[in-house]
Amino acid sequence: MPGLNDLLTKSQIAEINNYFDPARGRHPAWSVINAFDRAVDYSRSPKDFLVNKAVDGICLGKEGKSWLTGTLKRVTQTSDFEEAVSSIAEICCYGAMLEAGFDIQPIPTVKNAPTPDFKFDLDGASGIVEVTAKLEHDEQVKLARRIAGGETPDGVERSTFESKNGRADFTASVSHPFGAPDAGKAGDTTQTNAISRICQIKAKETQFADGKPSLLWIDFRDLGKWPGVFHEEQSSPLISGHHGALCSGAIWYAFYGWKGAPVFDDNVGVGYKITPMAHEGRFSAHAAKVSRYSAAILCLEKATILLENPRAPTPLSKTQRGALTLLPWFNIHYSVADWEEGDVDRSCALARSMIEAIRESREGQ
């Protein structure tokens, strides 16, 4: 099967291979073009496998191949890391929607006008997809640059191990992909930061289509140097751990949480912390404005998750909803959808009941 590597020139490959950012590491396409056996070795890196598989599917269509030729210019450039990541996310979306059975077409960009990325059709019904990639918070990138430059900011530890055969230098720091909490700011925690930053993704909602289902496609596969730390369990209302430790699912709260909802952030051996959520979730019934998106598609390292908006102006059809379950790495366990009308509201009501009961139990201890 052809992959990204087969479409690049030797100079483009060399430029990608030679690129290194002290804060972000290798070029986002580096692992894709250097995948060991991209036809079968998907366990090594799902992202690499999916990008190469998407390239293969896109190349089968004349329009897709033309779009890919233009997109590769954005993929291979080394001046804008975010642009390279975003273009790879678009390739993954294009290929995934094709694999799920959708007829998908790129939408030409209109100058000075917000434009969705793709139009899709399925059984005569059309809709649009807006693709975005979530990267590590800017403050964390700046911190990484300072550390790489030899500084030792607060919270960073350096140590050296020497032997007769050599020397090893170690640097230890804490990473907060969505931004570090401010100890002096009430309600600011690692988890509340994650919730609010996810909720704010494409918050202006300018890329949608009136009267048609609109999908917000969010790719987390380049969330810092260790994106796999952000697991699909973040799409559940609560995450339980050792000795009864509880943590609120950042993704679930970002879309279905409510103002004042208890955000659990337990520390084993230290105690628990409950912080009230400061805002409504994206698809919350009490949100000040109804989201225009019919659903969000979240792409994590080894999972594709569907979160549906029960109050969308134009909801997904049953056929469209069913087809989305055919997306690569689709995880139905963590998805929330109106399989039957009202299912999302019933699911959220049950989750809220559980969350409130746990809050009462913890506060009563």
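Are Glu308 and Arg321 buried or exposed? Both Glu308 and Arg321 are buried, where buried means under 20% relative accessible area, exposed means over 50%, and partly exposed is in between (1.4 Å probe, protein chains only). Welcome to a predicted model, in which local features need pLDDT of at least 70, side-chain atom pairs count only at pLDDT 80 or more, and totals for chains, interfaces and linings use all residues. Residues are numbered from 1 along each chain as its sequence is written, and side-chain values use heavy atoms, with hydrogens and water left out. Helices (H or I, at least four residues) and strands (E, at least two) are DSSP runs, numbered from the N terminus.

**Salt bridges**

- Side chains of opposite charge can pair when their charged atoms come close.
- With a salt bridge taken as a side-chain nitrogen of Lys or Arg within 4 Å of a carboxyl oxygen of Asp or Glu, the count comes to 15 salt bridges.
- Glu308 and Arg321 form one of them, and their closest N and O atoms are 2.9 Å apart. This pair links distant parts of the chain, with Glu308 in strand S14 (residues 303-308) and Arg321 in helix H9 (residues 318-324), 13 residues apart.
- Asp219 forms a salt bridge with Arg221, with 3.0 Å between the closest N and O atoms. Asp219 counts as buried because its relative accessibility is 4%, and Arg221 counts as buried at 8%.
- Arg346 forms a salt bridge with Asp343, and here the closest N and O atoms are 2.8 Å apart. Arg346 and Asp343 are three residues apart in helix H10 (residues 343-363), so about one helical turn separates them.
- A network of salt bridges links Arg74, Glu83 and Glu90.

**The largest pocket**

- Pockets and cavities are found on a 1 Å grid over the protein atoms alone: a cavity is a set of points where a 1.4 Å probe fits but cannot get out, while a pocket is an open set with protein on both sides within 12 Å along at least five of seven lines. Lining residues have an atom within 4 Å of a point.
- Grid points are joined across faces, edges and corners, and a volume is the space filled by probe spheres set on the points.
- The largest pocket holds about 570 Å³ of space.
- Its lining has 28 residues, and Ser31, Arg221, Asp222, Lys225 and Pro227 lie nearest the centre of the pocket.
- Strand S2 (25-26), helix H2 (30-33) and helix H3 (46-58) each supply at least two residues of this lining. H3 gives the most, with three residues.
- By class, the pocket lining has 10 nonpolar, seven polar and 11 charged residues. Here Ala, Val, Leu, Ile, Met, Phe, Trp, Tyr, Cys and Pro count as nonpolar, Asp, Glu, Lys and Arg as charged, and the others, Gly among them, as polar.

**Cavities**

- Among the residues lining the largest cavity are Lys47, Cys92, Lys134, Asp219, Arg221 and Asp222.
- Helix H5 (residues 81-99) provides the largest share of that lining, four residues.
- The lining of the largest cavity divides into five nonpolar, no polar and five charged residues.

**Aromatic rings**

- The structure holds 11 aromatic pairs. Rings of Phe, Tyr and Trp (its six-membered ring) pair if their centres lie within 6.5 Å.
- Trp252, Tyr253, Phe255, Tyr256 and Phe283 are joined into a cluster by ring pairs.
- The charged end of Arg352 sits over the ring of Trp258, 4.1 Å from the ring centre. A charge sits over a ring if NZ of Lys or CZ of Arg is within 6 Å of the ring centre and within 35 degrees of the ring normal.

**Backbone and contacts to look up**

- Asp123 has a positive phi, near 50 degrees, in a residue other than glycine. Asp123 lies in the loop between strand S4 (118-122) and strand S5 (125-133) and is exposed, with a relative accessible area of 70%.
- Trp329 is not a glycine either, yet its phi is positive at about 65 degrees. Trp329 is found in the loop between H9 and H10 and is partly exposed, with a relative accessible area of 27%.
- Val55 is placed in helix H3 and counts as buried at 0% relative accessibility. Val55 and Gly95 are 40 residues apart in sequence, and their C-alpha atoms are 6.9 Å apart in space.

Notes:
Rings of Phe, Tyr and Trp (its six-membered ring) pair if their centres lie within 6.5 Å; planes under 30 degrees apart count as stacked, over 60 as edge-to-face and the rest as tilted.
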